[in-house]
Amino acid sequence: MLVSRLEPEDPRGLGVRHCCGALSWAGSGLNAARRRRTPKHWRPNRILGVAAAVSIALVAIRSVAGSLDSIAVIPQPASIQMHAGMFRLLPDTQIILDSAPQALGDYLAGRLHPSTTYNLRIVPTRAPRDRTNAIVLTTRDPETSLGAEGYSISVTAGAIVIRATEPAGLFYGVQTLLQLLPADVLAAKPVPGIEWTVPCLQIQDRPRFPWRGFLLDVGRHFLNPAEIKQLLDLMALHKLNVFHWHLTDDQGWRVEIKKYPRLTEIGAWRKGIGFGLDPGAGSAYGPDGRYGGFYSQTEVREIVAYAKERNINIVPEIEMPGHASAALAAYPQFSCFGGPYSTDMGGGIYAGVYCAGKVETFEFVQNVLTEILELFPSKYIHIGGDEVPPDNWHKCPKCQARMQREHLKTEKELESYFVRGVEKFLNAHHRTLIGWSEIREGGLAPNATIMDWIGGAVEAASAGHDVVMTPTTYCYLDYYQSTNQPEPKAMGDYLPLDRAYAFEPIPATLEPRFHSHILGAQGNLWTEYIASLKHAEYMMFPRLSALAEVTWSPASGRNYDDFMRRLQVQARRFELMGVNYRRQSLARTAAASL
Ligand SMILES: [Zn+2]
C-alpha cells in the first residue's frame, strides 16, 4: 500500500493541478519551462517507490520495525521511534474523545471522510472502555514536558492514542496523524483501492518556537475570505500558528471600520490593478470596475473563528504613521497638509503619513484601534512603523510645534513619540504593540515587541524586548526563487528553498540568556506583483514548508536531504489540495534548484 501512495502514474492530482492559464505570467515562458522539467519531476518519486518497496519488505517480516524513510511528516517531529506492525483505519474505527473537544473529533472525522468515505463514529467518554480499533484523543495524564502545543502519538495495531496537555497539542497530533496516513487521505473525493494504514510508532513532539508565522499583504492585492481560509488550512497543515494579516497600506485599506466608513468606501478601491500588472492577473474587481475589496466586520469575525479552530492567532497590522495613503485618501484631514491623496498604483515609499502634530490624528487612530481590538482577540497588535519619510513632518508647523513642546530633537524622535502614544493605548487594553525594525529608531517604546526585517534583533532582545525574526535574506517570500529560470515578476532579490531551510532564527551574536526573547520567525509575502491565490501559493510553497520546519523542529534534527525526501510526499498532498506550489523546487540537480 505504500507503493500505491507514492505511485507516480496516478494522474488524479496532476490532472487538477492549477489554473495558471488564468495568470498574467502564464505566457512568460513558465509553462514551457514546466513542460521541459516534467520528466525530472517524476524521478524522485521513482526513487521513493524503491524505498517504499524496501520498507514494505521490512514490514512483511513483522518482527522488524518500520523504516523512518516511510514517514514523511513536515515539519519533522522532535522524536520518532518506529515499531513493527500497522494500524488499519476501518469503516467502524471509532474516534474516542477523552477530555478532548468535540470540535476536534468533528474536524478529524471531516478530514478523513472525503477520501475514505468512512463516517467514523465519535464517542465522547470519560470512562475506561474498550479502546481497540480506535483513535483516542486525550488530555488525560499528559507529559508536562510536552508544553502547551506539544503532543505524543502512540500507534499500535490496536489503537492510535494522541495525548496532549492542551487542545492545541491534540490539533497538532491530528495534523501529524493525517501525514502518517497515505497522502491520498487528503484527497477531496473518494480514493478506492487504498488500505488506510499507519505504521506502528511512538512520536514525542513539541515546537521549538511559540511564534511560527506567515504574513500576507492584502493591501497591495486583495484575496477574498474563501482564499484566506485556504491559506489558513495550508498553515495548519504546517503547524504554523500566527497569521500576520497586513490589512492596510498606501494602496488599499481592507478592513471595515464602522466609525469611518470612507476608509473602505474610498480607501479599499483604486482605478486599476496597478503595479504594471496585466488587468487579468487578479479578479478583485468591484461592480463598478474599480480594483480592490475589503473584509466586512462579519467576515473578519468568521475568519478569526476559522483560524482559532486551527490554533492560528491572527495578528492584524494597521500601518502607521506611514504607508497611510489609502486612509488619507478617505480622510485627508489627518495628514499634515490636507492632501489630496489617492490609493496608489505602484510600490515604494509614499508621502502618505499621518500628521503627528494634530490631536485629531491620535483620536482617529484610537477609534480605529478600538474597533480592531473588538475584532481581534490577539495579544499582539501590529502597527507597522516602517518606512516613514520625514519630509512632511519637517515642514508641518503642527508637527514642529509638538516636537518643541515635547523636547523632541528629530523627526525620528517624533515618530517614536507617536508609537509610544499608541503603545500606551494598547497596553491600557492589555495588548502588546509589535512593529517593524524601524520603531527602534528614536527610542523604542518600553514594552514593544520588534519584528526584525532589517536588523535590531540583538539590541532589542538584549534590552529585554521580545523579537520575531523575519530577515529579508531568509524570510521574504516575494523574492525570486530562481536566478536562471523564467519566473513571474518578483521583487528584485533572491531566496532559494535551501537558503530558507538553512535559516537559524537565533542570532549568532545574541547571548544565550536572551535567547528566550526570540519568539520565533515568519515568512512574509508582500504582494506588489502577486494578485491571485494561485500566484501566492506559487511563492509560498515549498519555501514556507521549509520555514515551518525551521520554526517547529529542533535545530539538531534538521536535515535538508531528508526534508527534500519528505517534500516529495508533501507535494503529493499539495496536488490533492489543489495547491499551486513551485514544482521546479523539488528537482534535486543543482541547476534545477537554482
Ligand atoms: Zn503634521
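A: In helix H5, the buried residues are Gly169, Leu170, Phe171, Tyr172, Gly173, Val174, Gln175, Thr176, Leu177, Gln179 and Leu180. A residue is called buried if 20 or more other C-beta atoms lie within 10 Å of its own, exposed if 12 or fewer do, and partly exposed in between, with the C-beta atoms placed from the backbone. The model is predicted, so local features need a pLDDT of at least 70 and side-chain atom pairs count only at pLDDT 80 or more, while totals for chains, interfaces and linings use all residues. Residues are numbered from 1 along each chain as its sequence is written.

H5 covers residues 167-180, and because eleven of its 14 residues are buried, the helix is largely enclosed by the rest of the structure. Helices (H or I, at least four residues) and strands (E, at least two) are DSSP runs, numbered from the N terminus. From its first C-alpha to its last, H5 reaches 20 Å, close to the 20 Å expected at 1.5 Å a residue; that expected span is 1.5 Å times one less than the number of residues.

The buried residues of H5 pack against H4, S4, S5, S6, S7 and helix H6 (225-237), where contact requires that the C-beta atoms of two residues, placed from the backbone, lie within 7 Å. Several of these strands belong to an open sheet of seven strands with mixed pairing, in the order S1-S7-S5-S6-S4-S2-S3; two strands pair if DSSP finds at least two bridges between them. Strand S1 (79-88) and strand S3 (121-124) form the edges, and since each has a single partner strand, one side of each is left without a neighbour in the sheet. On average, and with direction ignored, neighbouring strands of this sheet are turned by 20° against each other; the axes are lines fitted to C-alpha atoms, for helices over the stretch in contact, and angles run from 0 to 180 degrees between N-to-C directions.

Within the sheet, strand S5 (residues 151-155) and strand S7 (residues 197-205) pair in the antiparallel sense over five bridges, with serine 154 of the pairing standing opposite glutamine 202 in S7. Helix H4 (residues 102-116) packs on the sheet by touching strand S2 (94-98), S3 and strand S4 (134-138), and its direction makes about 160° with that of S2. H5 also packs on the sheet, touching S4, S5, strand S6 (159-163) and S7, and its direction makes about 40° with that of S5.

Ile160 and Ile162 are the residues with the most contacts inside the largest nonpolar core, which has 175 residues. Such a core is a set of buried Ala, Val, Leu, Ile, Met, Phe, Trp, Tyr and Cys residues joined through C-beta atoms within 7 Å. This core draws at least three residues from each of domain 1 (79-205) and domain 2 (211-561), the bounds coming from an automatic or database domain assignment.
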